[in-house]
Amino acid sequence: MKKALLVVWLMMLTMALTGPRAAAQGGAIKLNAAGATFPTPIYTKWFDVYHTAHPNVEINYQSIGSGGGIRQLQSGTVDFGASDGPMSDDQLSQSKFKILHFPTVLGAVVPTYNIVGVTGDLNFTQKALAGIYLGSIAKWNDPEIAKANPGVNLPSSDIVVVHRSDGSGTSYIFTDFLSKVSDDWKNKVGKANTSVNWPVGLGGKGNEGVTGLVKQTPNSIGYIELIYAIQNKIPYGNVQNAAGKFVKADLASVTAAAAADAKSIPDDFRVSITNAAGPKVYPISSFTWLLIPAQIQDAAKRDAIKDFLKWMLTEGQKYNEGLSYAQLPKEVIVRETKAISLIQ
Amino acid sequence: MSSPRIIWRKSLNFVMLTLTGVAAFAVVSVLFLILGYLIWNGGTSLSWNFFTQLPKPVGETGGGMANAIVGSLKLLFLAAVMGLPVGLLAGVYLAEFGGKTFSFIVRYTTDLLNGVPSIVIGIFAYSLVVLPVKHFSALAGGVALGIMVIPITVRSTEEFLRAVPGNMREAAMALGASKWKTIATVVLPAASGGILTGMLLALARVAGETAPLLFTAFGNRFWSQGWGQPIASLPVMIYTYAVAPYDDWHRQAWAAGLVLLALVLLSNLGARFILARSKAV
Amino acid sequence: MSAAATTIAHEVPPQAGPRAFLHRLRQGDEIAHLITLTFAALILLLTSMLVYELWRNSHLSRSAFGWAFFWTKVWDPNFDNFGAAPFIYGTLVTSAVALVLAVPLGLASAIFLSELAPRNISDVISFLIDLLAAVPSVIYGLLGIFIVVPLMRTTLGPLLINTVGNLPYVGALFRGPNYGVGFLTAGIVLAIMVVPFIISVSREVLLTVPREQREAAMALGATRWESTWQVVVPWARTGIMGSVFLALARALGETMAVTMVIGNAAAIKASLLAPGDTIASTIANQFTEATGDLYLSSLIELGLVLFLITFILNGLARILIVATERGGGRPA
């Protein structure tokens, strides 16, 4: 028994001391950040590359969800947050301190489907997507879908609708789009939100869950993030944009969505770019933001964050395409660089 | 003597006993299916890097979960240190000292505690340990897991203490031992096998919990020193990687699941070994 | 035992007088009593604090919805209308399915492992079954998605619909569109998750039943099964019930695995093949992303509701035990 206790004690000692390999020798700046899951891959890439270039700065990012990020930021348990949807006016006014929004990358949401006998890309009108998710369009051969896809043999089966079961930025972007293009949706289901009262359909957990359900269930449709579709080579459809054109989501069409309205983006960068004007624009696109407190007491942390932001807007953007994220348009980068000086 | 009644009883005997065998076989097959699936999917992604490297961003090979493995060990250690004694002593109370009503209330409450979703316990630990100091910590994660360890430990401790036959206690008392001496030197050792099972079961359960750690231990892509910093853990890494779009991360998630199981297996073996040694006097 | 006896013999000190001896004896016991009492009370304290936190943080939604929270079927974060009814239903149904599957299977396996299997095989298998308890729920969820859901959609579901679905009353449980995800799938995954608890604890308890009990039954001419079912199992009854409580508690509170296979539709349907949702799964899914005080408060109130359900179910189960108390239990 005594031997066992000794072993346990030794283990305790070693575990407490573990990790001197990190830059623990005084001067290490450890930052904690939390928030959106959508940009996690690119953020972890950035923080890792930045750490290699600046070994004394450790930025620890955990994807606990946009809402979680906002809340942890407001509680003061993290140094900065990340969110797929901008904070609302209410949230900002309730916050004890001022929070700045910095767009980082662009992402998009695409409709993926699994229809018996149909290969190739389908075109979805705005009305079609809204109707499907409202439940008013129940069968695949509904005229609204058929008229945009002449020559495609759509079955008369019921549409199995798949949405997200967990609250997510992806849902936020998708519902933002739907509420803009369909008054019915806006009245029945409401505005953009990470979680809504879906009129119909099954829920899948995460992009993985939605994709899994769609793959397995004949005649189903779901919405997922573009990077997810690209990385997993999942077929997805074209969506009609505000100019009436059917656009397939890719990095260029997503960046176009941000560039289209670049001048009208407000100074605080809280803007929705879904359904933007322009023929080449992909309509279900969105920024994702880092939420930084306007005032940071700790000088070392403040400088580290500001430096990272500068790096992110220049060097960092080069990594976007490799991970299938769209780059920020130049006009936005210029304005953001100016906004960094707002952090005191 | 083959009256119909006896034939009936004998057939019933055969049928029921066979059924129990079938049930056990079914469960064991499912078990092997799960283990096999894990080994198949995870085993192929195991490598030396997995055990020694920190997580790398997507697209870079050679990343591992070294900090998560150590993190899980640290968290389990904290959970054991905080939760097991509470469970054990409370179980002793219920079995040996308790009054009727108070014991009933404690047992009932323990069952209630067991049914609380793990995320709610995480939120509770968050408001208790994280908010006051405004940062996440391994300690907070340990508190959350420690709370979850208590109910199973209490139940099994009480159950197996009660199972010790009365004559053992009486014999000890007849030799002049006080009540607590009896418990400590006679009853507890006699029940130790079952109690240990309960404790290991409790620890095994919390080893795989993700939700309570999200708001307490948080997670860390780097090494975590001491007990007051955010810390990585295998379940959280599995969760983060499993829902990501990248195949490499998926494979790492399976590997992590396998490693987690192996960890629990080793702790089980280790604990039983220590127990056997200490009993073999 | 002999070691214990010698230690005790040495511990008894020379008398300084019978009074002093008794006093010291009692003191040692008093302290032990006090210490263990404190830890038992600690559990009460922890749980009360937990409930208090749940109560406090849900006051917004409690005052907004009152009792209607229990029967409102709508869960709408956009229009701030929240009701727990579909989730209460989902929790109860999935837990019921899980127990209906896991208890017979678990108990039967435990009997096999403790009574019939050779001891070393039984030990090894039991050891491996304990490992199942350590598999993270996320992995159970993934296994559910990859194995159980397709199975349900292609094979099991249609089979049930075509056979049991045609029976008069029971048939209503197995109707309707079959997606593979749903109450039954979640119940099956839950059953797999909780069966290790039942087997592990029940087996250990069955092993503690004294040989004399079995032998006495055999001596009276009982068959092996009769001796097991009518003597051994009742003797271990409280332990087995305890393991069922553990299983029930786990089933009620399970989040990750359930949420991946239940279909997440906030609806109340009669068919077990329909998608639904549970309280724990909803909280886990939406808590991290929820913004808006009423939304958060409603989620926490869901936690409180689950607590209440656990309270009631435990009470009912205990009443059931007392009501079915016949002879044959181990003397308390």
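Modeller: On a 1 Å grid over the protein atoms alone, a cavity is a set of points where a 1.4 Å probe fits but cannot get out. The model is predicted: local features need pLDDT of at least 70 and side-chain atom pairs count only at pLDDT 80 or more, while totals for chains, interfaces and linings use all residues. Residues are numbered from 1 along each chain as its sequence is written, chains are lettered from A and ligands numbered from 1 in the order in which they are written, and side-chain values use heavy atoms, with hydrogens and water left out.

Biologist: What volume does the largest cavity have?

Modeller: The structure holds 13 cavities of 30 Å³ or more. A volume is the space filled by probe spheres set on grid points, which are joined across faces, edges and corners. For the largest cavity this comes to about 430 Å³.

Biologist: Which residues lie closest to the centre of the largest cavity?

Modeller: The lining (residues with an atom within 4 Å of a point) has 15 nonpolar, ten polar and five charged residues. Elements that give two or more residues to this lining include α2 (40-53) of chain A, α10 of chain B and α12 (279-287) of chain C. Of the 30 lining residues, the closest to the centre are T37(A), S63(A), D166(A), Y239(B) and V243(B).

Biologist: How much area is buried between chain B and chain C?

Modeller: Contact, meaning heavy atoms within 4.5 Å, takes in 87 residues from chain B and 91 residues from chain C. Buried area is the accessible area (1.4 Å probe) lost on putting two parts together, summed over both. Carbon and sulfur atoms give 80% of the area between chain B and chain C, which is about 8300 Å².

Biologist: How many salt bridges does the rule find across the interface of chain A and chain B?

Modeller: A salt bridge is a side-chain nitrogen of Lys or Arg within 4 Å of a carboxyl oxygen of Asp or Glu. Between chain B and chain C the rule finds two, including R318(C) with D111(B) at 2.9 Å, N to O. Chain A and chain B bury about 3500 Å² between them, but the number of salt bridges across their interface is zero.

Key:
1 Å grid on protein atoms, 1.4 Å probe; cavity = no way out; pocket = protein on both sides within 12 Å on 5 of 7 lines; lining within 4 Å. Helix = DSSP H or I, 4+ residues; strand = E, 2+ residues; numbered from the N terminus. Nonpolar A, V, L, I, M, F, W, Y, C, P; charged D, E, K, R; others polar.
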